[in-house]
Amino acid sequence: MSRNLVTVQKIKSLDPIKDKDRIVYASFENSGFHVIVGKDDFKAGDFAVYAEADTLLPDKPEFEFLRKRCWNEKWQGHRITCMKMAGVFSEGIAFPLKILGFEQFNVKEGEDVTDLIGARKYDPELLEEKAAIQVDEHGWLVTKLLKIPAFKNWRYPKTSGSWPSYIHKSDETRAQSLMYIFEDQPWKKGTSFYATEKVDGQSCTYAFLKKGWRNEFVVCSRNNRYVRPAGNNYWDYALKNDVKTKMAKLRKMTGHDIYVQGELLGPGIQKNKYEFAELQFLVYAMYDITEKQYVEYPRAKALCLACGFQWVPELEITPWKWNSIEGLVEYSKAKSVLNPKQDREGVVIRSLRVLPAERGMTNQLSFKIINPNFQLKEMGS
C-alpha cells in the first residue's frame, strides 16, 4: 500500500497547548496524525490539507512563507518535518483549503491530493542514486561521450533495467494512516503478530527466477533495478557474500521464484549509526513470486537462515494488544537492538500468518510506527 503524502482530512478536535495562546493541537477524524496549527485557522469539522513529515512541497507562491525554515536546496522543495513545541509532537503541517485554492473543488475526506499539489517524497536514497549516476569520475572525455545515448547506456547501466513488475516497492504504510486496525476486525481473533525493529539503511531486494533453461538473478535498490555490477552497495554486498548462490538455494528449497527484501547497513550508509565494520544485509520480508504472496514469517525466517541470510531483530510475537496510535507510538520508543547507544528508528508490525488481502494490502497486514525521538534527531529539531 503506497503512502499518500498529502491528503484532505477533517478536523476532529483542537486542543489547547499549555502556555500558548496562538496555537492549538489538531487531531483528525480518520487519521492518527496530530499537528500544531494556528488557533484561528480552523474549527472542529473543517477540512484541511494535511502534508506528512518528509513531504517536499513545490516552489510555489503559496508555500513561500515556508522558505526560511523548510527550503531544501538539493531537492528544490520545502521539506516538511516533525517538530516538538511546548511538549507536544507535531507530525507535519496542515493548510486551510482556501490557502491552496481548493475551496472550489468538491473534496472528500481522505482524498489523496499529492499529485494535485505537486508534492514529492523526501528520499535521500533516491538523491544518492541520482548523484551516483550523474557524477563522472573519468574527466572531460567520458563527460562528452555521455551525451551519446548508446555510450551512456553502456557506461551507466544501473537504471537501464525497468522495475520488475513482480516486486513490490518497499514503502511501509504508517499506522496513523490505518485507523481501521483498532476496530473489531475478524482477523484479530486467533491471529498473532510479530514486531521487528525498523532499521535505518538502504532498502535492497534480491530475486531469483527460473526462465526456461536459464536463471535470472535480480538486484534492486528501493527505486531502481541494477542490471549489472557497477560499483554500488547492492552489488558489492551480493558479490562479496555470494548472494546469488544463496538465492538459488532458496529457490531450490521452495521450488518457486522468490525475492527477499531487507536493509543494507554499514559504512557509508546513513552515517553507519549501528557501527558495523562492513556491509550487512538484514532481511525483513520474503515473497513467493510464483504464488504471488508473502511467505508466512516462521517459514520465511527459517528458510532465510538456512540459506545464510540474517533477519532483522525480532522484538516479540504477540496477540494484538494495541488500542490506540498513542500506545503504538510509545511502543516504538526504545534503543536499537543493533546498537544500544542509538535510538531505534521504529517498529514494524506484521501478521504472523497469511491473511485475506484487504483495503489495498497484500496478503499480509503490515505497518510501521516511527519513534518520534529518532525522528526529531534525524530532522535536526
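A residue is called buried here when its relative accessible area is under 20%, exposed when over 50%, and partly exposed in between, with a 1.4 Å probe and protein chains only. At 0% relative accessibility, Phe281 counts as buried.

The model is predicted: local features need pLDDT of at least 70 and side-chain atom pairs count only at pLDDT 80 or more, while totals for chains, interfaces and linings use all residues. Residues are numbered from 1 along each chain as its sequence is written, and side-chain values use heavy atoms, with hydrogens and water left out.

**Overall composition**

The secondary structure comes to ten helices and 21 strands; these are DSSP runs numbered from the N terminus, helices being H or I with at least four residues and strands E with at least two. Of the 381 residues in the protein, 53% are buried. Contacts are defined by heavy atoms within 4.5 Å. Among contacts between residues at least 6 apart in sequence, 69% join residues at least 24 apart.

**Phe281 and its aromatic partners**

Phe281 is found in strand E16. Leaving aside residues up to four places away in sequence, Phe281 touches Cys204, Tyr206, Tyr237, Val260, Gln261, Gly262, Glu263, Leu264, Phe309 and Gln310.

The structure holds 21 aromatic pairs. Such a pair requires ring centres of Phe, Tyr or Trp (its six-membered ring) within 6.5 Å; planes under 30 degrees apart count as stacked, over 60 as edge-to-face and the rest as tilted. Two of the pairs involve Phe281 and are set out below.

| Pair | Geometry | Centre to centre | Angle between planes |
|---|---|---|---|
| Tyr206 and Phe281 | edge-to-face | 5.1 Å | 75° |
| Tyr237 and Phe281 | tilted | 5.9 Å | 50° |

Tyr237 is buried, as is Phe281.

**Other ring contacts**

One aromatic cluster is formed by Phe182, Phe193, Trp320, Trp322, Tyr331 and Phe367. Charges also sit over rings, a term that requires NZ of Lys or CZ of Arg within 6 Å of the ring centre and within 35 degrees of the ring normal. Lys169 lies over the face of Trp163, at 4.9 Å from the ring centre, and Lys246 lies over the face of Phe309, at 5.6 Å from the ring centre.

**Helix H9**

Tyr331, a member of the aromatic cluster, is also one of the buried residues of helix H9 (residues 325-332), together with Ile325, Leu328, Val329 and Ser332. These residues cover an arc of only 160° around the axis, which puts them on the same side of H9; the arc is that of the directions from the helix axis to the C-beta atoms. The buried residues of H9 pack against strands E12 (192-198), E19 (314-319), E20 (346-351) and E21 (366-370), and against helix H10 (372-378).

Asn232 is found in the loop between strand E14 (214-220) and H6. Asn232 is buried, with a relative accessible area of 6%. The Asn232 side chain makes polar contacts (N or O atoms within 3.5 Å; within protein, one must be able to donate a hydrogen and the other to accept it, and residues adjacent in sequence count only if both atoms are side-chain atoms). The side chain of Asn232 reaches the backbone nitrogen of Tyr234 at 3.2 Å and that of Trp235 at 2.9 Å.

**Strand pairing**

Two strands pair if DSSP finds at least two bridges between them. In strand E4 (residues 47-51), four of the five residues are buried, so the strand is largely enclosed by the rest of the structure. Five bridges join strand E1 (residues 6-17) to E4 in antiparallel fashion, and Thr7 has Tyr50 of E4 as its bridge partner. E4 is also joined to strand E10 (residues 93-96) by four bridges, again antiparallel; there, Val49 is partnered with Phe95 in E10.

An open sheet of four strands has the order E6-E7-E5-E11, with antiparallel pairing. Strand E6 (71-72) and strand E11 (120-121) stand at the edges with a single partner strand each, so one side of each is left without a neighbour in the sheet. Strand E5 (residues 55-57) and E11 run antiparallel and are joined by two bridges, with Arg120 of E11 as the bridge partner of Leu56.
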